[in-house]
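This report goes through selected local features of one chain. The sequence and the model are shown first.

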Amino acid sequence: MTLKYNLLNYKLMRMRKYYDVLRTNEPFMKTSLIQKYKIINNIIKFFNTINTKPLIINNKPVTAQIEPTSNCNLRCTFCAREHMGVPIGTMSFENFKKVLDALDCLYKINISGQGELFMNPELFDMIKYANSKGILIHISSNGTLLSDRVIDNLCEVDIGEIGISVDSVNKERYEKVRVNSNFDLLMRNIKKLTTRFKEREVKTIVTMASIIFKESVHEVPEFIELANEVGIKKVAFQTLQTKENFVSYYGDEMKGNLVNNEIFAIKNYMKKAIELAKKYNITLIFDEEESPGCLWPWRGIYVTWNGDVTPCCKILETPKFGMGNIIKQDFWEVWNGEKYQRIRDALRNRIAMPSCKGCNRV
């Protein structure tokens, strides 16, 4: 689904995202001049490829998503990983270092994947190592494991943003979608996190990350009210994944929750949400606009817990669509290999490969 917005509003939305990236990037400011040069030089190389989109490139990824674990304590009804045969396991700190040493000029990483990141016992060692490389870090969590110990650890490291999944303002609906969850516990955890961050003057942005389902379109403004109640100052909406290989695994109820025919309703509720966001000084992000084309194979990389590489986080079937393994193979062998060249060739011509069918970025 695509949703067109007023061009000015969209540009302001994007500018806010970039501003958040710049103002929270403490690790980059603290790193050495040599590392700063490597990062900036790599960004310049990337921008030199935007217009031509060559098949073989000399820049490394500018951004990456690295999966610390595919283990999860919840069984969300829209999660397709088990149906797709995603391997279940946890990345070791040693392997994380190998991945980051190969991706040695990253500007930003999202440490998350198909599991709950706080289930990895070496997570904070990974974050500290990434901090030492001058990399801006974003993390994503379901928020159920935000214990006092975890929150204290979050206060001691540099993280730009933590997204916490909240898919309904209604307890019954939330717990129906996020099986094994507890809505009341989640709200207490979020409030505890935002309060502790404020007390200790932590700069990390806490974002409420919310999926819009057909049955909860009317809740869009209520998410802003809820965010204000628990001390969150940023809400990011997205719609339910519509890639063909995801939808094929949805049950009838989840297929009925796709919002393809709810564009008019979303627009109306989003207008109300924008008004409330202004009232409470909350940043609202919803940028599922018509895309000028996918840049992932030139800009970013997705690395699973065992080192397998895919072009993006929406491509999960590594045996079928994987590009190689960054731990077992030379980085350039993977990054400029035949598989990457084929997907770059297809995407620069706006052709959807089997792994990309249904994605609104193609």
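Which residues of α3 are buried? The model is predicted, and in it the buried residues of α3 are Q35, K36, I39, N42 and F46.

## Helix α3

On the face turned away from the buried side, α3 carries the exposed residues L33, I34, Y37 and F47.

In length, α3 runs over residues 33-47, which makes 15 residues. From its first C-alpha to its last, the helix reaches 21 Å, close to the 21 Å expected at 1.5 Å a residue.

V62 sits in the loop between α3 and β1 (63-66). Is V62 buried or exposed? V62 has a relative accessible area of 8%, so V62 counts as buried, the cut-off being under 20%.

Setting aside neighbours within four places in sequence, the contacts of V62 are N42, I43, F46, L106, Y107, K108 and R299. Among them, N42 and F46 also belong to the buried residues of α3. K255 is 193 residues away from V62 along the chain, and 35 Å separates the C-alpha atoms of the two.

## Positive phi values

Most residues other than glycine have a negative phi. N180, which is not a glycine, has a positive phi of about 80°. N180 is placed in the loop between β6 (178-179) and α8 (183-199). With 58% relative accessibility, N180 counts as exposed, because the cut-off is over 50%.

E201 is another residue other than glycine with a positive phi, here near 55°. The loop between α8 and β7 (205-212) holds E201. Its relative accessibility is 70%, so E201 also counts as exposed.

## Cavity

How many cavities of 30 Å³ or more does the count give? The count comes to one. The largest cavity contains about 70 Å³ of space.

Which residues line the largest cavity? The lining consists of E67, V86, P87, Q114, Y302, T304, W305, N306, T310, I315 and L316. By class, six of the lining residues are nonpolar, four are polar and one is charged.

How values were computed
Residues numbered from 1 in each chain as written. Predicted model: local features only at pLDDT ≥ 70, side-chain atom pairs only at ≥ 80, totals over all residues. Heavy atoms only, no water. 1 Å grid on protein atoms, 1.4 Å probe; cavity = no way out; pocket = protein on both sides within 12 Å on 5 of 7 lines; lining within 4 Å. Points joined across faces, edges and corners; volume = space filled by probe spheres on them. Nonpolar A, V, L, I, M, F, W, Y, C, P; charged D, E, K, R; others polar. Helix = DSSP H or I, 4+ residues; strand = E, 2+ residues; numbered from the N terminus. Expected span 1.5 Å × (residues − 1). Buried < 20%, exposed > 50% of the residue type's maximum accessible area, 1.4 Å probe, protein only. Contact = heavy atoms within 4.5 Å.
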